[in-house]
Amino acid sequence: MLDREGFRPNVGIILLNAQNEVWWGKRVREHSWQFPQGGIKYGETPEQAMYRELEEEIGLRQEHVKIVGRTRDWLRYEVPDHFIKREIRGHYRGQKQIWFLLRMVARDNDVNLRLTDHPEFDAWRWHDYWVPLDVVIEFKRDVYQRALQELSRFLTWPANGGHTHERRHTARYLRQPHAPRQPAPAEPARTAESQLVLAPHKE
């Protein structure tokens with residue numbers, strides 16, 4: 001579903017914890033990090049699409065979050081030709097997105113990266129609100145900066161008394177299905193390659 005200018009309607013999600021840190025996910029088998037996002041299906045409102053994508057990509061449901069705010073209008077980015085399927089080149093230009101700022105009211109272990117057969121992320125962490133844009137794929141960086149800037153007006157600083165927890169900055173990796181729960185290791189976490197569930201890239 002494209003608009004007249006060739007942009008596909010889409011939603012982006014910035015998920016906060018009690019310390020105003022944001023949920024930051026690593027794309028499957030890639031070295032880039034991003035926020036959850038996904039297309040709006042025909043007949044869906046942006047809010048409906050946001051809740052669907054939230055569950056599909058990170059396993060959280062509507063009762064796990066509260067909406068803090070959203071962008072006033074669409075934010076657009078163009079996709080370079082070499083990322084576009086040949087059959088839609090010349091028609092598809094990129095994405096136009098409504099961004100939602102959410103507050104997580106669930107526990108960290110309610111996050112489930114393998115709810116679907118084709119996970120979008122293989123690791124995640126909590127990160128300071130102003131994420132490093134150099135680890136975001138280049139053509140999305142401007143929209144990320146604009147979304148973060150616009151939605152920052154909804155934040156109250158410091159959150160939760162200003163206390164932060166070092167452990168929250170440790171990445172959590174997607175483990176093999178049905179692996180037994182292990183006690184927290186004393187040594188640093190293993191590399192991602194030893195813990196990932198490999199899955200095809202989601203278009």
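This is a predicted model: local features need pLDDT of at least 70, side-chain atom pairs count only at pLDDT 80 or more; totals for chains, interfaces and linings use all residues.

Visitor: Let's start with rings. How many aromatic pairs are there?

Guide: The count comes to 11 aromatic pairs. Take W23 and F121: their ring centres are 5.2 Å apart and the planes make an angle of 75°, so that pair is edge-to-face, the cut-off being over 60 degrees.

Visitor: Is F35 buried or exposed? And W99, buried or exposed?

Guide: F35 is buried, at 0% relative accessible area. W99 also has 0% relative accessibility and counts as buried.

Visitor: What does W99 touch, leaving aside its neighbours within four places?

Guide: Quite a list: G12, I13, I14, F35, G69, R70, T71, L75, V143, Y144, A147 and L151.

Visitor: Which residues have the most contacts inside the largest nonpolar core?

Guide: That core has 23 residues, and the ones with the most contacts inside it are I14, V22, W24, F35, W99, L101 and Y129. Strand 1 (7–16), strand 2, strand 6, strand 7 and helix 2 each supply at least two residues of this core. Helix 2 gives the largest share, five residues.

Visitor: What about a second core?

Guide: There is a separate one of 21 residues, and it includes L54, I58, L60 and W126. As a general point, nonpolar side chains in soluble globular proteins tend to be buried together.

Visitor: Let's look at helix 2. Where's L151, and is it buried or exposed?

Guide: L151 is in helix 2 (residues 141–151). Its relative accessibility is 0%, so L151 counts as buried.

Visitor: How far is L151 from L101?

Guide: Their C-alpha atoms are separated by 6.7 Å, though L151 and L101 are 50 residues apart along the chain. Beyond its neighbours within four places in sequence, L151 has contacts that include I14, W99, F100, L101 and Y129.

Visitor: Back to strand 8. How covered is it?

Guide: Mostly: six of the seven residues in strand 8 are buried. Strand 8 runs antiparallel to strand 2, and six bridges join the two. In that pairing, W124 of strand 8 stands opposite G25. Ring pairs also link W124 with W23, F121 and W126 into a cluster.

Visitor: Which residues are on the covered face of strand 6?

Guide: In strand 6 (residues 75–78), L75 and Y77 make up the covered face, and R76 and E78 the uncovered one. In a regular strand, side chains alternate between the two faces of the sheet.

Visitor: How does strand 6 pair with strand 7?

Guide: The two are antiparallel, with four bridges. R76 has K96 in strand 7 as its bridge partner.

Visitor: Which rings do R76 and K96 lie over?

Guide: R76 lies over the face of F7, 5.8 Å from the ring centre. K96 has its charged end over the ring of W74, at 4.8 Å from the centre.

Visitor: What polar contact does Q95 make?

Guide: The side chains of Q95 and N10 are joined by a polar contact of 3.3 Å. Q95 sits in strand 7, and at 9% relative accessibility Q95 counts as buried.

Visitor: Last topic, backbone. What's the phi of N20?

Guide: Near 65°, a positive value in a residue other than glycine. Most residues other than glycine have a negative phi. N20 is in the loop between strand 1 and strand 2, and N20 is buried, with a relative accessible area of 2%.

Visitor: And R29, what's its phi?

Guide: R29 has a positive phi of about 60° and is not a glycine. R29 lies in the loop between strand 2 and strand 3, and at 48% relative accessibility R29 counts as partly exposed.

Note on methods
Residues are numbered from 1 along each chain as its sequence is written. Side-chain values use heavy atoms; hydrogens and water are left out. Rings of Phe, Tyr and Trp (its six-membered ring) pair if their centres lie within 6.5 Å; planes under 30 degrees apart count as stacked, over 60 as edge-to-face and the rest as tilted. Buried means under 20% relative accessible area, exposed over 50%, partly exposed in between (1.4 Å probe, protein chains only). A charge sits over a ring if NZ of Lys or CZ of Arg is within 6 Å of the ring centre and within 35 degrees of the ring normal. Two strands pair if DSSP finds at least two bridges between them. A polar contact is a pair of N or O atoms within 3.5 Å; within protein, one must be able to donate a hydrogen and the other to accept it, and residues adjacent in sequence count only if both atoms are side-chain atoms. Contact means heavy atoms within 4.5 Å. A nonpolar core is a set of buried Ala, Val, Leu, Ile, Met, Phe, Trp, Tyr and Cys residues joined through side-chain atoms within 4.5 Å.
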